[in-house]
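Let's take a walk through a protein together. Keep the sequence and the 3D view open, and look up each residue as we come to it.

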Amino acid sequence: MARAAFAPAKVNLFLHVGAPAAAGYHPICSLMAFADVGDRVSTFEAEALALRVVGPFAHDLTDQNDNLVLRAARALIAEARRPVAPVGLRLDKRLPVASGLGGGSSDAGAALRLLREALGLSIDNDRLAVLAGSLGSDGAACLWGAPAIAEGRGERLAAAPGLPPLDAVLVNPRIGVSTAEVYRRFDAEGRFGDVAPPMAPEAFEDAVELAAWLAGQRNDLEAAAIAVAPIVGTVLDTLAGEGESLLARVSGSGATCFALCAGDIEAEGLAERLEAMAPDWWVQRCRLGGPWPDPE
């Protein structure tokens, strides 16, 4: 029987990035939340491990033989250390590619969860998290899609403060931004941030309180992302200038920006107006939080 798993979009509510360590990676501190929109990974009968990619952004995945879904499947099968039944995987790619939403890592996490169940593998959650982390810096957080504070390379996770219901609008100008290029620009500028976790309450009462606190935080890659792709700055300025936006920020290394809103009505109004203003942009109203249930 076919099974399916949800791969939610990841949103960095803040992203603090430090100077590169001796090993070359940048330490971070980020509050991550997950949207109720994202990709879908499902199984189908096949004679050998295979991947089919469909959906509105399928054409943007140029090397499907090295897709993170396949890499996750191969890593899990190797970890099983026993023959497993052949299985096909179908990726419904609904999120923009190279967009700062952790789509590839979330797809990989969904594939790991899905295949462990579908193949009946006795691999515990801790080991599954190690596999997810080996596939990318967002991998550990995206495996379960629950709000978290991520530190180190992104593999050290701590519980996030309690988040209220968060209505938001995601906007991508339908371009991909290279994370490596953004980091090169960031390093050249040399404006490295403090990556100590900021003081925060145990829980936020509502979106207004959270947005006020987040205004004191930042995305350290934002300026570099705008320098690499100036249209990201256009999207950000547009969101910041709308009355429904409590906070507008770039997610990850871009190109997606998000706006937090006070409620569903405000998010709906903002999304509808943006769609009319910029019909070429990808605009998605959503709710942030997580984890979200897998499809039936």
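Leaving aside its neighbours within four places in sequence, which residues is L76 in contact with? Before answering, please keep in mind that you are looking at a predicted model. With those neighbours left out, L76 touches L112, L115, R116, L121, I123, L128 and L131.

Next, let's visit a charged residue. D107 is found in helix α2 (residues 103–118). Is D107 buried or exposed? Its relative accessibility is 2%, and because buried means under 20%, D107 counts as buried. What does its side chain meet there? The side chain of D107 makes a polar contact with that of K93, at 3.0 Å. If we again skip neighbours within four places in sequence, the residues in contact with D107 are A7, D39, V41, V69, L91 and K93.

Now for the aromatic rings. How many aromatic pairs does the structure hold? There are 4. One of them joins F14 and W213 in an edge-to-face arrangement, with 5.9 Å from centre to centre and 65 degrees between the planes. This pair links distant parts of the chain, since F14 sits in strand β1 (residues 4–17) and W213 in helix α6 (residues 207–214), 199 residues apart. Both F14 and W213 are buried. Why is the pair of Y183 and F186 edge-to-face? Their ring centres are 6.3 Å apart and their planes stand at 85 degrees, so the pair counts as edge-to-face. Y183 and F186 both belong to helix α5 (residues 179–189), where they are 3 residues apart, about one turn of the helix. These two residues are also both buried.

Ring pairs join F14, F204 and W213 into a cluster. Finally, look for F44: R52 lies over the face of its ring, 3.9 Å from the ring centre.

Technical notes. Residues are numbered from 1 along each chain as its sequence is written. This is a predicted model: local features need pLDDT of at least 70, side-chain atom pairs count only at pLDDT 80 or more; totals for chains, interfaces and linings use all residues. Side-chain values use heavy atoms; hydrogens and water are left out. Rings of Phe, Tyr and Trp (its six-membered ring) pair if their centres lie within 6.5 Å; planes under 30 degrees apart count as stacked, over 60 as edge-to-face and the rest as tilted. Helices (H or I, at least four residues) and strands (E, at least two) are DSSP runs, numbered from the N terminus. Buried means under 20% relative accessible area, exposed over 50%, partly exposed in between (1.4 Å probe, protein chains only). A charge sits over a ring if NZ of Lys or CZ of Arg is within 6 Å of the ring centre and within 35 degrees of the ring normal. A polar contact is a pair of N or O atoms within 3.5 Å; within protein, one must be able to donate a hydrogen and the other to accept it, and residues adjacent in sequence count only if both atoms are side-chain atoms. Contact means heavy atoms within 4.5 Å.
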